[in-house]
Amino acid sequence: MTRLGAFTKLHISPRLTHNFVTLFFLICALFLAQIVYAATTIEKARYYYSRGNYTRAITEYKKHLVNSPRDSQAWNELAVANYKIGLPRRALRYLRNEEASTTYKSYNFYYQGMCYSMEGSVERAKIYFKKASVYNDLYGANASFELGVIYYNEQKRIEAIQSLSKYLQLMPNGQFRPQVARMINIARDENNEMGIERGQEHPDRETANYRYNRLSLFKYPHFWLLQLGYDTIYESEFQ
């Protein structure tokens, strides 16, 4: 008998066939379970985020990203959740990593600007607000507002008017409309003195320094950590 003939008469037992089928369905079930788990964790993350529970949202985002590490928007949202609890450097680390690849450019650029603004790096904040302001969406509008406030405080009337007008164009009934309209009216008349205006309020970074530092025992300031210099500890922790 030839080898080919022997091969054609090879008998595969029903038990072996059953094991292969079982293995196939098990692999499919695991794959589907992973998809469902990823969908569930991102839904949970966005649920907690929408309700202001940013700490819990961060936990769920991290779970999701373990199984979906290429989910660019989830990385962006994780970054913003960290900004919302007062950790701009940690947020910037995530945002910078996604800057080149994300399709949500205005979102990424706007929150990079907000993080730099929170840190007091006005010139860097301007760079990213300018990048975000070219987009005709909510984040482009908010970036135009922040940029307008910066120019206004720098006594740059023309630039302030241009940025603030862009905000009104995109958000004619936006929450900052009264403030923006007043600022534009003042800036248009060179006889008016331009004072100092405030942009959007940032989260409480000082509280975050205590609450999320690894050396913190409680969410409130305590004497020994202050004596060690919590600012220095915090800066090195999240550099």
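**Close-up 1. Helix α8 in the lining of the largest pocket of this predicted model**. Helix α8 contributes four residues to the lining of the largest pocket, the largest share, where helices are DSSP runs of H or I with at least four residues, numbered from the N terminus. At least two lining residues each come from α6, α7 (122-133) and α8. A pocket is an open set of points on a 1 Å grid over the protein atoms alone, where a 1.4 Å probe fits, with protein on both sides within 12 Å along at least five of seven lines, and lining residues have an atom within 4 Å of a point. Volume is the space filled by probe spheres set on the points, which are joined across faces, edges and corners. The lining comprises five nonpolar, six polar and four charged residues (Ala, Val, Leu, Ile, Met, Phe, Trp, Tyr, Cys and Pro count as nonpolar, Asp, Glu, Lys and Arg as charged, and the others, Gly among them, as polar).

**Close-up 2. The second largest pocket, lined in part by α4, α6 and α8**. This pocket has a volume of about 170 Å³, and of its 14 lining residues the closest to the centre are Tyr 83, Lys 84, Tyr 110, Tyr 111 and Gln 200. Helix α6 supplies the largest share, four residues, and by class the lining divides into nine nonpolar, three polar and two charged residues.

**Close-up 3. The packing of α6 (residues 105-119) and α8**. Their axes, lines fitted to C-alpha atoms over the stretch in contact, come within 9 Å and cross at roughly 30 degrees, with angles running from 0 to 180 degrees between N-to-C directions. The two helices are therefore roughly parallel, a term for angles under 35 degrees. Ser 106, Tyr 107, Tyr 110, Tyr 111 and Met 114 of α6 make the contact (heavy atoms within 4.5 Å) with Tyr 139, Gly 140, Asn 142, Ala 143 and Glu 146 of α8.

**Close-up 4. The packing of α8 (residues 138-153) and α10 (residues 177-188)**. These helices pack at an angle of about 35 degrees, with axes 12 Å apart. Phe 145, Gly 148, Val 149 and Tyr 152 of α8 meet Gln 179, Val 180, Met 183, Ile 186 and Ala 187 of α10, a contact of seven nonpolar, two polar and no charged residues.

**Notes.** Residues are numbered from 1 along each chain as its sequence is written, and side-chain values use heavy atoms, leaving out hydrogens and water. In this predicted model, local features need pLDDT of at least 70 and side-chain atom pairs count only at pLDDT 80 or more, whereas totals for chains, interfaces and linings use all residues.

Definitions and conventions:
Parallel < 35°, antiparallel > 145°, perpendicular 65-115°, else oblique.
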